[in-house]
Amino acid sequence: MRMRWRAGLVMAAATALAAGGVAPAGASGGGSSTTWSADLASGEAAGVTDGGDGVRLDPATAFSAPVEQGGMTEDAAPTGAVPTGLLTLAPRDLDRPTSRVDSVVDGDLPPGTTASVDVRGRTPAGGWTEWIPATASGADSGSVTLPGSTSEVQGRLVLTGTVEGTAPTVRGVTLTAASAPATEGGLDLTEGAPFSANVFATREGLVGGTTSNGHVITERDHFVALPSRRALSPRDTSDYSVRVCAPNGRCAFAPVWDVGPWNTRDDYWNPAGERQEWKDLPRGVPQAQAAFRDGYNGGNDQFGRKLVNPAGIDLADGVFWDALGLKDNSQVQVDYLWTGSVRLSKVESDSEDGTAQVRSAPSDDAEVVGVAADTADVPVQCATGTGSDAWLRIGDGQFLSASVLPRVTDVPVCEDDADDADAGDAAAPGDSGDTADAGDPAAGAAATAGDGSANAGAAAVGAGAGAVGAGAGAVAAGAGAADAGAGAADAGAGAADASAGAADAGAGAGDGARGVAGPVGTPDPAAQDAASAEVGGSAAVRAGASTVDGDPRAVPTGSSPAPPVPTTGATTTAEAPRPASTPGD
């Protein structure tokens with residue numbers, strides 16, 4: 001059946017401050033609107049192919065997701081999930097700010113198939129708002145709302161088919177941006193820290209599989225998955241990046257390239273008014289966490305499956321093993337960097353493993369405290385040194401060589417280089433801005449073992465709610481309580497969720513003088529692959545993931561030891577054989 005499908009997308013979209021923008025080629029403006037035809041041939045495809053007479057959903061490479069929202073599911077697709085493909089269109093500069101974008105999709109949509117357009121807008125800091133899918137306002141229309149006007153927009157065509165293999169074909173997409181009212185303002189220009197939350201992380205694995213943005217997963221890959229398509233970066237971009245910090249004090253910066261775990265409509269980092277579903281949950285509490293720990297939604301995910309872990313983020317193997325030095329699934333502190341208004345800069349590393357080492361001070365001799373993936377966005381705060389000795393601070397006690405951030409300009413000089421170089425004075429990342437702490441009863445998240453307690457007079461800080469002991473001044477990120485006056489973190493305090501089993505003492509122990517963990521040992525294969533019901537990412541909602549069958553605590557047949565991880569301060573480029581069979585692969 002041939003049809004023209006019209007979707008009205010109301011967007012108080014994000015703003016570009018550039019005055020006197022140039023109307024895009026092929027656009028026409030009638031004083032109150034600008035119209036252009038999207039170039040489908042140049043779009044970035046994931047699960048979409050050129051069918052000759054237009055772009056077509058490719059069931060063989062599409063991922064499974066509910067019609068209302070994209071995302072990845074397991075091979076045995078849950079009820080309501082259908083093949084879904086994305087075609088990211090080229091961004092468009094506008095000659096005047098807009099708050100409304102209409103789209104007309106021309107194509108063949110057999111019964112049971114759909115075609116719609118997500119839209120996002122450019123922010124004052126140079127990034128993007130999240131993708132907002134159309135909310136149906138009629139049989140053939142929908143709308144979305146964002147918090148300001150914008151002079152640059154981008155569309156993303158979303159195609160869904162049927163489980164039987166019926167697929168839609170789209171021949172053209174016409175977009176019309178209506179001028180925003182003169183009284184409508186742009187986004188707030190006040191600089192603010194990104195939202196941060198303490199959530200449970202699982203290992204994604206799935207080497208050789210394809211993520212929901214079309215990336216083919218490699219060994220020791222560096223990306224993360226979040227359970228909403230709204231923060232999905234186009235392939236090989238870092239439009240949405242996170243900073244993830246483990247209880248041992250190590251941090252990773254990585255782009256969001258996949259959708260999961262468990263859910264596909266859970267943008268839990270957004271306020272209730274903006275959250276797509278489960279608006280009654282506190283901000284920063286994943287639906288999977290509330291279901292697993294508190295019986296929310298009957299203990300089930302959005303597909304009606306019983307939760308076997310509370311995961312709110314999945315980590316690719318390179319992030320999990322190499323960057324964070326994790327041996328088992330764990331609570332982590334996550335900064336959702338695009339939610340702040342600080343300008344972000346892209347890492348461009350030419351290292352063999354495609355990462356850049358984050359050091360505790362501006363020196364090649366300083367301790368390695370984390371890893372930034374190539375293409376990841378990082379928040380540059382200030383610069384120190386010159387020439388080949390130039391360093392950029394990207395967090396408290398976190399520095400990158402300026403050579404891996406070549407596009408950074410107009411950066412202020414760090415005021416207190418001496419203090420910044422002293423890792424003993426550095427607070428753990430995630431301790432400022434709007435935060436949802438796992439130990440905060442208001443957040444609805446059960447505190448992990450040893451998490452968030454402090455002696456009288458201590459100020460709680462750090463990723464994973466480590467505490468500063470009274471008079472000690474030491475930060476043990478996620479390590480638990482610091483002894484008053486002693487400054488040493490409890491060696492066993494870095495335990496993961498109580499239901500997941502306590503973490504090894506070496507993984508959770510904090511160094512009282514520097515606020516970082518001691519060496520991480522070689523992972524135990526049973527603990528890595530299936531420790532205490534936290535099956536390493538295999539229960540995540542994504543294409544190609546195996547269904548969790550039987551006792552999730554059982555070690556899968558054929559599993560082998562996980563590769564060794566570097567000790568704190570070691571380089572992160574060493575490769576080790578990957579298990580031939582692990583959960584979720």
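**Salt bridges and cores: a short tour**

Let's start with one residue. Glutamate 277 is partly exposed, with a relative accessible area of 22%. Keep in mind that this is a predicted model.

What does glutamate 277 form a salt bridge with? The partner is arginine 265, and the closest N and O atoms are 2.4 Å apart. Glutamate 277 and arginine 265 are both in the loop between β18 and α1, which spans 287-294, and they are 12 residues apart. Is arginine 265 buried or exposed? Arginine 265 is buried, at 11% relative accessible area.

Next pair. Aspartate 266 forms a salt bridge with arginine 275, with 2.6 Å between the closest N and O atoms. Aspartate 266 is buried, with a relative accessible area of 1%. Arginine 275 is buried too, at 1% relative accessibility.

How many salt bridges does a search of the whole structure find? It finds 16. Here is another one. Arginine 171 pairs with aspartate 108, the closest N and O atoms being 3.0 Å apart. Arginine 171 counts as partly exposed, at 29% relative accessibility. Aspartate 108 is also partly exposed, at 25%. There is a network as well: salt bridges link Asp118, Arg156 and Arg229. As background, side chains of opposite charge can pair when their charged atoms come close.

Now the nonpolar side. In soluble globular proteins, nonpolar side chains tend to be buried together. The largest nonpolar core here has 31 residues. Among those with the most contacts inside this core are Leu226, Val242, Ile313 and Trp338. Which elements each supply at least two residues of this core? They are β15, β16, β17, β18, β19, α2 and β20.

Take valine 242 as an example. Leaving aside neighbours within four places in sequence, valine 242 is in contact with residues including Val224, Ala252, Phe253, Val334 and Tyr336. A second, separate core has 24 residues, including Ala38, Leu57, Ala62 and Val153.

One last stop: proline 194. Proline 194 sits in the loop between β14 and β15. Proline 194 is buried, at 15% relative accessible area. Proline 194 and aspartate 335 are 141 residues apart in sequence, yet 6.2 Å apart in space, C-alpha to C-alpha.

Terms used: Residues numbered from 1 in each chain as written. Predicted model: local features only at pLDDT ≥ 70, side-chain atom pairs only at ≥ 80, totals over all residues. Heavy atoms only, no water. Helix = DSSP H or I, 4+ residues; strand = E, 2+ residues; numbered from the N terminus. Buried < 20%, exposed > 50% of the residue type's maximum accessible area, 1.4 Å probe, protein only. Core = buried A, V, L, I, M, F, W, Y, C linked by side-chain atoms within 4.5 Å. Contact = heavy atoms within 4.5 Å. Salt bridge = Lys/Arg side-chain N within 4 Å of Asp/Glu carboxyl O.
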